[in-house]
Structure formats: C-alpha cells, structure tokens
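Q: I've got a model open on my screen and I'd like to learn how to read it. Can you take me through the features one by one?

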Amino acid sequence: MVLWRIRGEMAEIDVDQSYAGHPTMFSIRMNHGGEFTSFPGRKYIRGKQTFVDLVDIDTFSVHDIDEMMEDLGYASIGKPLYYHFQRPLGDLDFGLFALASDEDVRYLGSFVAKHKLIERLFLEWHSTPAVDLEDDMDHMEKELGNDPTPTGHLREGFG
C-alpha cells in the first residue's frame, strides 16, 4: 500500500515536527526538468521542484520513484531516467549518489532518522554534457586512466 503523496504547490509543512516519533518517515524534494552547470560549483538550474510527503523508508523502492515520475508526467518522454539523491549537508559537486538499486535505497535510508527532507534529483539523457570534460585537468586525469567525474556517478551525457 502506497502512503506517499505529492504535495500541493502552495502547501508547506514542517517535516521535523510532522515526522517526530516516526524515524522511518521522510519527505523528498524532487528537482526535475532542469540541468547542471559545470563543475566546480555545480548548480541545478531551470528545473522544477516538487515535494513528496509521507515516504516510509521501510517500504520505499526505486519503483516508487518511477511511479512519482509517472504522476509528474514523465512516463512518455521515451528516454532512460536516472535518479540521484543529494547526501544531507553535501553539495552538487561531491554529494550526489545514485539511486538505482536496493543497496542505494539502504544508503539513503541511513540518513532518514536524522534528516527528514531528502534532496533528490531526476536526471535524463541530454546531448550536452554537464561537466566540461575537455579542460586541461580532465585531459591529464583521462591520460592517467582516472575518472575525472567528481562523484563517480555522473557521466558524460547526463543533464
């Protein structure tokens, strides 16, 4: 039984107060439809924010995110969808983690008891890479065989 719900645009709640005494409950701020600026100092721009409330980490799965994205109208875009979450107190340069498997969901769950609002970003393929992989530092890293992408989860072609 799905308990989560997409919050109305003008509604606001105090998640710490609302989930007090419920260590497995949390809300997600979904950022979608935008793109990343280049590293370093990466930002997510030209996107939308949607809040999803009453998420229970004990029953949450990546399939729930698929359903959330369907409810937001992304079911018919015909492109692969990639999900990431921002570690609490992390930044967009080094704090993004994949959200694609049960193991990823368990890692997300390790933050829920203390952080009742989780940032999650929806990503899709774009023709323009978010990170300029052609700068000098990246060339040196590539020649050494190292991955120049700061999180190890974002690859060329992600928005």
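Predicted model: local features only at pLDDT ≥ 70, side-chain atom pairs only at ≥ 80, totals over all residues.

Q: Which strands does strand 5 pair with, and in what sense?

A: Two strands pair if DSSP finds at least two bridges between them. Strand 5 (residues 48-56) runs antiparallel to strand 1 (residues 5-6), joined by 2 bridges, and there R5 stands opposite D53. Strand 5 also pairs with strand 2 (residues 25-32), again in the antiparallel sense, over 7 bridges. In that pairing V55 is the bridge partner of F26.

Q: How do I read the aromatic pairs?

A: Rings of Phe, Tyr and Trp (its six-membered ring) pair if their centres lie within 6.5 Å; planes under 30 degrees apart count as stacked, over 60 as edge-to-face and the rest as tilted. The whole structure has 8 aromatic pairs. One of them is F26 with F60, edge-to-face at 5.9 Å centre to centre and 85 degrees between the planes. This pair links distant parts of the chain: F26 is in strand 2, and F60, 34 residues apart from it, is in the loop between strand 5 and helix 2 (62-71). F36 and Y44 are also edge-to-face, with 5.1 Å between centres and 70 degrees between planes. Elsewhere, ring pairs link F85, F97, Y107 and F111 into a cluster.

Q: Are F26 and F60 buried or exposed?

A: Buried means under 20% relative accessible area, exposed over 50%, and partly exposed in between (1.4 Å probe, protein chains only). F26 counts as buried because its relative accessibility is 0%, and F60 is buried too, at 7%. Over the chain, buried residues make up 42% of the 159 residues.

Q: Which residues have the most contacts inside the largest nonpolar core?

A: In soluble globular proteins, nonpolar side chains tend to be buried together. A nonpolar core is a set of buried Ala, Val, Leu, Ile, Met, Phe, Trp, Tyr and Cys residues joined through side-chain atoms within 4.5 Å. The largest one has 23 residues, and F26, I28, V55, F60, M68 and L108 have the most contacts inside it. Strand 2, strand 5, helix 2, strand 6 (81-86), helix 3 (102-112) and strand 8 (117-124) each give two or more residues to this core. A second, separate core has 6 residues, including F36, Y44, L92 and L123.

Q: What does F60 touch?

A: Contact means heavy atoms within 4.5 Å. Leaving out residues up to four places away in sequence, F60 touches F26, I28, V55, I65, M68, V105 and L108.

Q: Which residues of helix 3 are buried, and where do they sit around the axis?

A: An α-helix has 3.6 residues a turn, so residues three or four places apart point the same way. In helix 3 the buried residues are D104, V105, L108, F111 and V112. They are on the same side of helix 3 because they cover an arc of only 110 degrees around the axis, taken from the directions from the helix axis to the C-beta atoms. The face turned away from that buried side carries the exposed residues D102, E103, R106 and S110.

Q: What should I look for in the backbone?

A: Most residues other than glycine have a negative phi, and most peptide bonds are trans. The peptide bond from F39 to P40 is cis, with omega near -5 degrees, and P40 is in the loop between strand 3 (35-36) and strand 4 (44-45). R46 is not a glycine but has a positive phi of about 55 degrees; R46 lies in the loop between strand 4 and strand 5 and is exposed, at 61% relative accessible area. L54, found in strand 5, has a positive phi of about 60 degrees and is partly exposed, at 33%.

Technical notes. Residues numbered from 1 in each chain as written. Heavy atoms only, no water. Helix = DSSP H or I, 4+ residues; strand = E, 2+ residues; numbered from the N terminus.
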